[in-house]
Amino acid sequence: MSFYADLDSRISQAMQADGHRLRNMLRAVRQAEESGRPFDKNLAKLHEVLEASLARREARHKSVPKIVYDESLPVVGKRADIAAAIRDHQVVVICGETGSGKSTQIPKICLELGRGSSGVIGHTQPRRIAARSIAARLAEELGPTGCKLVGYKIRFADQTGDQTLIKVMTDGVLLAESQADRTFDQYDTIIIDEAHERSLNIDFLLGHLRTLRYKRPELKIVITSATIDTEM
């Protein structure tokens, strides 16, 4: 593997949000070398930023606690099937009855698969009160460090931080974020919950994600609902 190919491979293992900047830095170094201009300082800076990004990803991965599931929930009974579907496919549609555990257990399945390390697991809800309550439940189920690993963002309230692995928010918040970040670079997984409600926010998000999946093939997209037709 060539020097630049090796660097590009390592960049793909860094934090998703840093990828664009790192690849621009790599491009600048390569162009400088090809044109005979000095590039040592820029290469050193690239290595510095890359190593810091890789360290952040590793720290996030190590912060995931042992995942414990409520075996009484129907979703947990299908945990292996759901995990395999998310691992093997970019887009997964999950239909389950209200109360089956979709909202609280699927984000934990994603964590167990290693999602949330290179970016945040974004988890949307149609209503603010649902976003807050699901975030609180997830934090409780993840144990003593759960309050640091799970946050929520709703209108006028942002309870997320650098250690947040799962971010529960209203679909309106995620849609608003798309104005500044069209490719959702801060996320490595997006879960659209209660998709059957078919609000304008949800419809716009689904349309945007349908296009985005080709630009970001590493992004996992999970659509969950109580009544959606999974064969559509």
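T124 counts as buried, because its relative accessibility is 0%; buried here means under 20% relative accessible area, exposed means over 50%, and partly exposed is in between (1.4 Å probe, protein chains only). One thing to keep in mind from the start is that this is a predicted model, where local features need pLDDT of at least 70, side-chain atom pairs count only at pLDDT 80 or more, and totals for chains, interfaces and linings use all residues. Residues are numbered from 1 along each chain as its sequence is written, and side-chain values use heavy atoms, with hydrogens and water left out.

**Around T124 and L174**

T124 sits in strand β2. Helices (H or I, at least four residues) and strands (E, at least two) are DSSP runs, numbered from the N terminus. Setting aside neighbours within four places in sequence, T124 touches M169, T170, D171, L174, I191, I192 and D193, where contact means heavy atoms within 4.5 Å.

L174, one of those partners, belongs to helix α9 (residues 171-177). L174 is buried too, because its relative accessibility is 0%. Beyond its neighbours within four places in sequence, L174 is in contact with T124, M169, F184, Y187, I190, I192 and L205. H123 and L174 are 51 residues apart along the chain, yet their C-alpha atoms are separated by 9.1 Å.

**The sheet**

Let's zoom out to the strands. There are 7 of them in an open sheet, ordered β1-β7-β6-β2-β5-β3-β4, with mixed pairing. β1 (91-95) and β4 (157-159) are at the edges with a single partner strand each, so one side of each has no neighbour in the sheet. From one strand to the next, the twist averages 20°. Two strands pair if DSSP finds at least two bridges between them.

β2 (residues 120-125) runs parallel to β6 (residues 187-192), and 5 bridges join the two. H123 has I191 as its bridge partner in β6. Helix α10 (residues 200-215) lies across β1, β6 and β7 (220-225), running at about 140° to β6. For that angle, axes are lines fitted to C-alpha atoms, for helices over the stretch in contact, and angles run from 0 to 180 degrees between N-to-C directions.

Helix α7 (residues 128-141) has 14 residues and spans 20 Å from its first C-alpha to its last, close to the 20 Å expected at 1.5 Å a residue. That expected span is 1.5 Å times one less than the number of residues. Which residues of α7 are buried? They are A131, I134, A135, L138 and A139. These residues lie on the same side of α7, because they cover an arc of only 135° around the axis; the arc is that of the directions from the helix axis to the C-beta atoms. Their cover includes α6 (102-112), β2, α8 (146-149), β3 (150-154) and β5 (166-170). On the face turned away from the buried side you'll find the exposed residues I129 and E140. Just after α7, G143 takes a positive phi of about 90°.

Helix α2 (residues 19-34) has 16 residues and reaches 22 Å from first C-alpha to last, close to the 22 Å expected at 1.5 Å a residue. Its buried residues are G19, L22, M25, L26, V29 and A32. They share the same side of α2, because their arc around the axis is only 160°. These buried residues pack against α1 (3-11) and α3 (40-62), while the face turned away from them carries the exposed residues H20 and E34.

**Salt bridges**

The whole structure holds 13 salt bridges, each being a side-chain nitrogen of Lys or Arg within 4 Å of a carboxyl oxygen of Asp or Glu. Here are some of them.

| Pair | N to O distance |
|---|---|
| K45 and E48 | 3.9 Å |
| R137 and E141 | 2.7 Å |
| R216 and E218 | 2.7 Å |

K45 and E48 are about one helical turn apart, because they are 3 residues apart in helix α3. K45 is partly exposed at 37% relative accessibility, and E48 is exposed at 52%.

R137 and E141 both lie in α7, 4 residues apart, about one turn of the helix. R137 is partly exposed, with a relative accessible area of 40%. K108 joins R137 and E141 in a network of salt bridges.

In the remaining pair of the table, R216 is buried at 3% relative accessibility, whereas E218 is partly exposed at 35% relative accessible area.
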